[in-house]
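Welcome, and please take a moment to look over the chain below.

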Amino acid sequence: MSERNTVLRSLHDVGLAAWFGGSLMGAVGLNGAAKGHSDSWRDNARIASAGWAKWTPVSAVAIGAHLVGGSGLLAANASRVATQQGVAASTVAKTVLTGVALAATAYARMLGKKIELASSQDPQDAEEAAAAFDINKAERQLSYAQWLVPAVTGGLLVLNALHGEQQRPDQQAQGMWQRACSLSPHLPSGAHWHHLRD
């Protein structure tokens, strides 16, 4: 219970913070600033695309760090996941949300590449984009996808806070007792936990 996993926790937390913060800043700051830059849709889209292209490698490193740290923490806390009531459920929820965040990030980037192609200064690229997909539809979809990433990663931050609370010694002991009670009905229920602890 007292084992330290500082490196793994740092990778997990810093990676998630950059993933959430970068996506939120991009949606609010970068896209907002680019949209008001010019009367030309292509100029505005080109600026936003250039900014996202610069951020993409940093985002990839952040996501990778988060996944490495999360996988390591899951392995290090496997016994708690199996024996502490509530930890398995929050772990499943985090895993599902992480998958949604990855899918949303990949989808937003795919749409961003379409807008980048459509706003290219190369006429051939613009013609290729116009023939390949509906530019207005892609832009509408991107306007929703760009908010999904910070919303879902924000949810991961909340679950991360819950996991931190579940690691408090009294929460671990209570959760393990409740888990034991659920497996052995003859033991006193969780309602008697505080009485037994005192």
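**A walk through the chain**

The chain exposes about 11,300 Å², and carbon and sulfur atoms supply 64% of it; accessible areas here come from the Shrake-Rupley method with a 1.4 Å probe, and for residues only the protein chains shown count as cover. You are looking at a predicted model, in which local features need pLDDT of at least 70, side-chain atom pairs count only at pLDDT 80 or more, and totals for chains, interfaces and linings use all residues. Residues are numbered from 1 along each chain as its sequence is written, and side-chain values use heavy atoms, with hydrogens and water left out.

Let us begin with the outline. The chain has eight helices and zero strands; helices (H or I, at least four residues) and strands (E, at least two) are DSSP runs, numbered from the N terminus. Of the 198 residues, 32% are buried, where buried means under 20% relative accessible area, exposed over 50%, and partly exposed in between (1.4 Å probe, protein chains only). Among contacts (heavy atoms within 4.5 Å) between residues at least 6 apart in sequence, 74% join residues at least 24 apart.

An unreviewed UniProt entry lists residues 16-34, 55-75 and 87-108 under "transmembrane region"; such annotations may be inferred rather than shown by experiment, and the positions are given in the numbering used here, with feature names shortened. The span 16-34 is 100% helix, with its end C-alpha atoms 25 Å apart. Residues 87-108 are also 100% helix, and there the end C-alpha atoms lie 31 Å apart.

Which residues make up the largest nonpolar core? There are eleven of them: Ala45, Ala108, Leu111, Ile115, Ala118, Ala129, Phe133, Ile135, Ala138, Leu142 and Ala145. A nonpolar core is a set of buried Ala, Val, Leu, Ile, Met, Phe, Trp, Tyr and Cys residues joined through side-chain atoms within 4.5 Å. Helix H4 (87-118) and helix H6 (135-166) are the elements that give two or more residues to this core. A second, separate core has eight residues, including Trp19, Ala101, Val149 and Leu156.

Val96 lies in helix H4 and counts as exposed because its relative accessibility is 51%.

In helix H2 (residues 41-76) you will find Asn44, which counts as buried because its relative accessible area is 10%. Its contacts include Ala34, Lys35, His37 and Ser38, not counting residues up to four places away in sequence.

Finally, the charged pairs. How many salt bridges are there? The count comes to three, a salt bridge being a side-chain nitrogen of Lys or Arg within 4 Å of a carboxyl oxygen of Asp or Glu. One of them joins Arg46 to Asp43, with the closest N and O atoms 2.9 Å apart. These two are separated by about one helical turn because they are three residues apart in helix H2. Arg109, Lys113 and Glu116 are linked in a network: Glu116 pairs with Arg109 at 3.8 Å and with Lys113 at 3.7 Å, N to O.
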